[in-house]
Amino acid sequence: MKLKEIAKELDLKARAAEDKADREVRGGYVGDLLSDVMGNAREGQVWITRQTHQNIIAVADLKDLAGVIIVNRCEPAKDTVEKANEVGVPLYVSSLPAFELAGRIYVLIAKAKGITFF
Amino acid sequence: MPQDDGIIYQNSFPVEGGNFETAGQVSSQIKAILKSLNLPKEVVRRAALVAYESEINIVSYATQGEIKVVVRPAEVVVEANDVGPGIEDIELAMQAGYSTANEKIREMGFGAGMGLFNINTYSDIFHITSEVGRGTYLKMVVKINEKKEHET
C-alpha cells in the first residue's frame, strides 16, 4: 500500500513532498527519540512521531523511510517543511494520537495484504 | 583484496558543536557522496548511520569536531574526532539507553542513549578512545563485500 493511499484513507494532510508518496509502505515505526528510530526503523517504513523539528527529516532521509507523519494535530516547523521538500521526504500531519494512527495504518496494510482481523 | 588498495574517495567535514539546526547535514552530504559512488545500498545506509550518530554526538557534547570519510574497494572508514569533554566511562556510554544529555537535548529527541550502541551495531569494526577534558575519537569500518546479516 502506498503512502498517498494511506493518507487518503486516514485523512492525513500533506505538508511536504506529496509527489514522493507513491512508494510502497512496508510497515511503520513509532518513536520520538531520534536514535531509537535511527537504530530500529527499517527502509520503506512510515515513521509516526510527535517531533516537529527539522532533524526528523535527516533521520527519515538517512534511513530511506517512506515518509513521516506528525500526530496530534501538531504542525511541522517551517524549516522542517523546507527540508522535507528539498530532500524529497513525504511529510504529513494527522489529528490522531500515535497509538490510534499506528493501529489504523497496521490494519490498512494488513487488509491490503489480504489479512483481516475484524 | 588488500584493504589499503587504492583510495576511491576521501574527505573531511567540519562539525560545529552545539548547532542543532544544521545537525545531520554532514551525514546527509556523506550519504549522497557514497550513493554517487554506487556502493551497495546497505553499505551506504550503515555508513550514513554511523556518521549521523557521530555527528549528533559532536553537536550534542563537543565544542568542535571533524568527520573524515575514506572509501576503499573493500571498505568505508568513517572517523570522528572532537575537541570536547570526553567520556569518563566508555563501557557505560556504550550501554543502550545510557545518556548524559541535558533536558534541552532530550526535548528535541536527541540523547536517547542509543548513539554509540547504534554505531557498534551497524559498523563491522568499531574503535573508540577518549580523554576526559580533551575529546573523543571514533573509528568505524563498514565492509563492502562482506555478506553480513544487517537489515537496515
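Visitor: How many bridges join strand S2 of chain B to strand S3 of chain B, and how do the two strands run?

Guide: The model is a predicted one, in which local features need pLDDT of at least 70, side-chain atom pairs count only at pLDDT 80 or more, and totals for chains, interfaces and linings use all residues. Residues are numbered from 1 along each chain as its sequence is written, while chains are lettered from A and ligands numbered from 1 in the order in which they are written.

Strand S2 (residues 64–72) and strand S3 (residues 75–83) of chain B run antiparallel and are joined by nine bridges. Strands (E, at least two residues) and helices (H or I, at least four residues) are DSSP runs, numbered from the N terminus; two strands pair if DSSP finds at least two bridges between them. B:Arg72 has B:Glu75 in S3(B) as its bridge partner.

Both strands belong to an open sheet of five strands in chain B, with the order S1-S2-S3-S5-S4 and antiparallel pairing. Strand S1 (9–16) and strand S4 (125–131) of chain B form the edges, each pairing on one side only. On average, neighbouring strands of this sheet are turned by 10° against each other, direction ignored. Axes here are lines fitted to C-alpha atoms, for helices over the stretch in contact, and angles run from 0 to 180 degrees between N-to-C directions.

Helix H2 (residues 41–61) of chain B packs on the sheet, where it touches S1, S2, S3 and strand S5 (135–143) of chain B. Contact requires that the C-beta atoms of two residues, placed from the backbone, lie within 7 Å. The direction of H2 of chain B makes about 0° with that of S3(B).
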